[in-house]
Amino acid sequence: MATSKFASSTRSIPERDDGPRHVAIIMDGNGRWARKRFLPRVAGHVRGVETVRATIRSCIERNITHLTLFAFSSENWRRPADEVSFLMQLFMRSLKKEIERIHENEIRFRVIGDLSRFDDELVAMIRDAEALTAGNTRLNLTIAANYGGRWDILQGVRRLVADAGPNADITEEALEPYLSMAFAPEPDLFIRTGGEKRISNFLLWQLAYTELYFTDALWPDFGDEALDAALASYRQRERRFGRTSEQLDETAQKGAEGGSRA
């Protein structure tokens, strides 16, 4: 039976870190960034790719081990056909241009989502990139493309039933290995740029206890200062995971006493 090597925040209490190890981002605001400059929407998407490159570098510098980016949702097919076509072409061009650099920087690349609607050439490029970088460990970079949180849960259930049969005991522990992000710890910090305050069907299962951060900065303007503001907000949060503040204080005091005895 499939198993997951990462603990679930609803069944156990994750260890507290000074900074997040897994950051998930909805990159919103490319079109509005372009309109403010009287440019076509696609110009914002091109500029957004530059921000992706800079964010990857910044996460490595800040010892973040997992970065998950929402590039294209299952609902984005509702956008104008010419914009969707441009996004697919931009994805292909960016992948061709960046994958060698990604590999040289020891970054592992993955794509999650339903790839059945993508062109065969793009799917082949994705699989080749995943295979090329499979041994890299410096940063786990995941791109969510044609992804939806409800789709993720449903496909996980279907795969579990296919493996275990129609009478499968569908528990959290049994289902988690079949979800798209089973290879990663749950996100510690979720960031959405662009001023909207919703999660838009992104990682519905995995965000159960993630700290949420919303910023008015449009994605092409999201630089180091904006990232550091999000990380500073995260460090100020009291992550209780169902416990009380008093319990956190007791745990911290016991840890300090144990350290002093050592």
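Predicted model: local features only at pLDDT ≥ 70, side-chain atom pairs only at ≥ 80, totals over all residues.

Trainee: Okay. What does Arg237 form a salt bridge with?

Mentor: With Glu211, and the closest N and O atoms are 3.0 Å apart. That pair links distant parts of the chain, 26 residues apart: Arg237 is in the loop between helix H7 (224–235) and helix H8 (245–261), and Glu211 is in strand S6 (residues 211–214). Those labels are DSSP runs numbered from the N terminus, helices being H or I with at least four residues and strands being E with at least two.

Trainee: And is Glu211 buried or exposed?

Mentor: Buried, at 15% relative accessibility. Arg237 is partly exposed, with a relative accessible area of 24%. The cut-offs are under 20% relative accessible area for buried, over 50% for exposed, and partly exposed in between, with a 1.4 Å probe and protein chains only.

Trainee: What about the rest of S6, which residues are on its covered face?

Mentor: Glu211 and Tyr213 are on the covered face, and Leu212 and Phe214 on the uncovered one. S6 also pairs with strand S5 (residues 189–192) in the parallel sense, over four bridges. Pairing means that DSSP finds at least two bridges between the strands.

Trainee: Which residue in S6 is the bridge partner of Leu189?

Mentor: Glu211 again. So far that residue has shown up in the salt bridge with Arg237, on the covered face of S6 and in the bridge with Leu189.

Trainee: Which residue does Glu98 form a salt bridge with?

Mentor: Arg53, with the closest N and O atoms 2.7 Å apart. Here too distant parts of the chain are linked, Glu98 being in helix H3 and Arg53 in helix H2, 45 residues apart.

Trainee: Which residues are linked in a network of salt bridges?

Mentor: Glu61, Arg62, Asp224 and Asp228.

Trainee: Changing topic. Where does UniProt place the "active site" feature?

Mentor: At Asp28 and Asn76, in an unreviewed entry. They are spread over 49 residues of sequence yet cluster in space, the largest C-alpha distance being 12.1 Å. Both are part of the lining of the largest pocket. UniProt positions are given in the numbering used here, feature names are shortened, and annotations may be inferred rather than shown by experiment.

Trainee: How do you define a pocket and its lining?

Mentor: On a 1 Å grid over the protein atoms alone, a pocket is an open set of points with protein on both sides within 12 Å along at least five of seven lines, a cavity is a set of points where a 1.4 Å probe fits but cannot get out, and lining residues have an atom within 4 Å of a point.

Trainee: Where does Asp28 lie, and what does Asp28 touch?

Mentor: Asp28 lies in the loop between strand S1 (22–26) and helix H1 (30–36), and is buried at 16% relative accessible area. Not counting residues up to four places away in sequence, Asp28 touches several residues, including Arg192, Glu196 and Trp219. Contact means heavy atoms within 4.5 Å.

Trainee: And which residues is Asn76 in contact with?

Mentor: Ala71 and Val84, leaving aside neighbours within four places in sequence. Asn76 lies in the loop between strand S2 (66–73) and H3, and is buried at 15% relative accessible area.

Note on methods. Residues numbered from 1 in each chain as written. Heavy atoms only, no water. Salt bridge = Lys/Arg side-chain N within 4 Å of Asp/Glu carboxyl O.
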